[in-house]
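Please examine the structure shown below together with its sequence. The paragraphs that follow begin at the ligand and then turn to individual backbone and side-chain features.

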Amino acid sequence: MPSLFDPLPVGRLRLPNRVIMAPLTRCRAAQPGDVPTPLMAEYYAQRASAGLIISEATWIEPQAKGYLWTPGIFTTAQRDAWRQVTDAVHAAGGRIMCQLWHVGRVSHASVLPEGMVPVSSMATEHEAHTFALDAEGKPGRVRCTPCRALTFKELMSVPQAYGHAATQAIDAGFDGVEIHAANGYLLEQFMNGVLNTRDDAFGGSIENRCRLVLQVVDEVVRLIGADRTGIRLSPHGQGIGPRPDPEWEPLAMRLMRNLAARRVAFVHISDHTSKTIDSPHRELWRAMRREFGGAFMVCGGYTHETAERELADGVADAVVFGKPFISNPDLVERLQRGTALAPWDQATFYGGDHRGYTDYPRAN
Ligand SMILES: Cc1cc2nc3c(=O)[nH]c(=O)nc-3n(C[C@H](O)[C@H](O)[C@H](O)COP(=O)(O)O)c2cc1C
């Protein structure tokens, strides 16, 4: 029976343990240009004992940005600045993949290039908020700008944008990429049947709703290889925006068959229901894991005890921790030794300086 501290092959990597650091947006990229900084390199390197680090969500083209101060992987300056992060993580003995992000409709005109509005599967006004500039130009929580639907022709270039970003990530020294298809962002806005009622080849049936995400996977795999490509999904539309999709289960199983055929390195489930109780979705995950056959990771509210149980029960091959990694750079060592975990401070999650970022101490 595997434990959190056993190695795990993931694509071309061999992870030394199964404690994975979740993608965590921290809004500390340098301005102008949304480029990674030496402080970010220090933060990630402090957490290098994770079996694998998945970077904060990183936008793949200007249209893909939704929040202030989040880094991109689109420009040459961004790519070159990420190199200091990947070098620092590797020098500290770690592994890091880049989470590729297109927010779709979860955006605001103030963070997009002049004249652009957010895009999605459908033109909608919705309740979601993002972190952008308010009417007075001050940073804060603002309601998303109404979005327009991507045209059929425009959709042809979306996989290319992911492909370009994936190539940039490899050139920046990342060990691979995670395609962000979770939490209500663009790719989920296409998968979700309640939201996506397009009448072209990208909407309607389950097959059509999976088309964009699979085209993205194909392009990324073509350019950097399946063994450096993973994907994050969130069950039942729990993310920002779309309502739960009653067809999520058959859609998920179809995706698993397709991802298995492409032999991608891992599938990562972001779940928001496992915080205090057993997730009602564990049986589905077990079925998805069987269908996929590769490394299967789960995230959301885990403790040492519940994480070990997921491995023992065959629900997952590795467990992903978010907030615990914010306040415990040495999370792996603490779990291994049974040392108490430090609490996180929500006030410093997004934006600011080293406080609440690189100043959480290691134990002892
Ligand atoms: C500060 C913060 C930033 C986050 N940023 C991202 C992100 O960039 N990409 C993503 O897929 N999920 C993001 N999430 C969700 C986490 O990856 C994770 O799913 C969530 O925190 C639940 O896991 P936990 O209970 O171990 O923290 C974020 C969560 C937090 C708290």
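In this predicted model, a backbone N or O atom of Pro23 is placed 2.8 Å from an oxygen atom of the ligand. Gly301 contributes a polar backbone atom that lies 2.7 Å from an oxygen atom of the ligand. For Lys323, a backbone N or O atom is again involved, at 2.8 Å from a ligand oxygen atom. The ligand on its own would expose 610 Å², and the protein buries 90% of that area.

The shell consists of 19 residues, and the closest of them are Thr25, Arg232, Gly301, Gly322 and Lys323. Sorted by class, this shell holds nine nonpolar, eight polar and two charged residues. The space that the ligand takes up is the largest pocket.

Attention now moves to the backbone. The peptide bond between Gln31 and Pro32 is cis, with an omega of about -5 degrees. Pro32 belongs to the loop that runs between strand E3 (19-21) and helix H1 (38-46).

Trp69 is not a glycine, yet its phi is positive, at about 65 degrees. Trp69 is found in the loop between strand E4 (52-59) and helix H2 (76-91). Asn183, also not a glycine, has a positive phi of about 60 degrees. The loop that contains Asn183 lies between strand E10 (177-181) and helix H5 (186-191).

Are these two residues buried or exposed? Asn183 counts as buried because its relative accessibility is 14%, which is under the 20% limit.

A further case is a serine within a helix. Ser327 is located in helix H10, which comprises residues 323-327. With a relative accessible area of 0%, Ser327 is buried. Which backbone atom lies 2.8 Å from a polar atom of the side chain of Ser327? That atom is the backbone oxygen of Ala342. Thus the side chain of Ser327, a buried residue, has a polar atom 2.8 Å from the backbone oxygen of Ala342.

Notes: Residues numbered from 1 in each chain as written. Predicted model: local features only at pLDDT ≥ 70, side-chain atom pairs only at ≥ 80, totals over all residues. Heavy atoms only, no water. Near = heavy atom within 4 Å. Polar contact = N/O pair within 3.5 Å; in protein donor to acceptor, adjacent residues only side chain to side chain. Areas by Shrake-Rupley, 256 points an atom, 1.4 Å probe, with all protein chains shown as cover. 1 Å grid on protein atoms, 1.4 Å probe; cavity = no way out; pocket = protein on both sides within 12 Å on 5 of 7 lines; lining within 4 Å. Sits in = over half its atoms within 2 Å of the grid points. Nonpolar A, V, L, I, M, F, W, Y, C, P; charged D, E, K, R; others polar. Helix = DSSP H or I, 4+ residues; strand = E, 2+ residues; numbered from the N terminus. Buried < 20%, exposed > 50% of the residue type's maximum accessible area, 1.4 Å probe, protein only.
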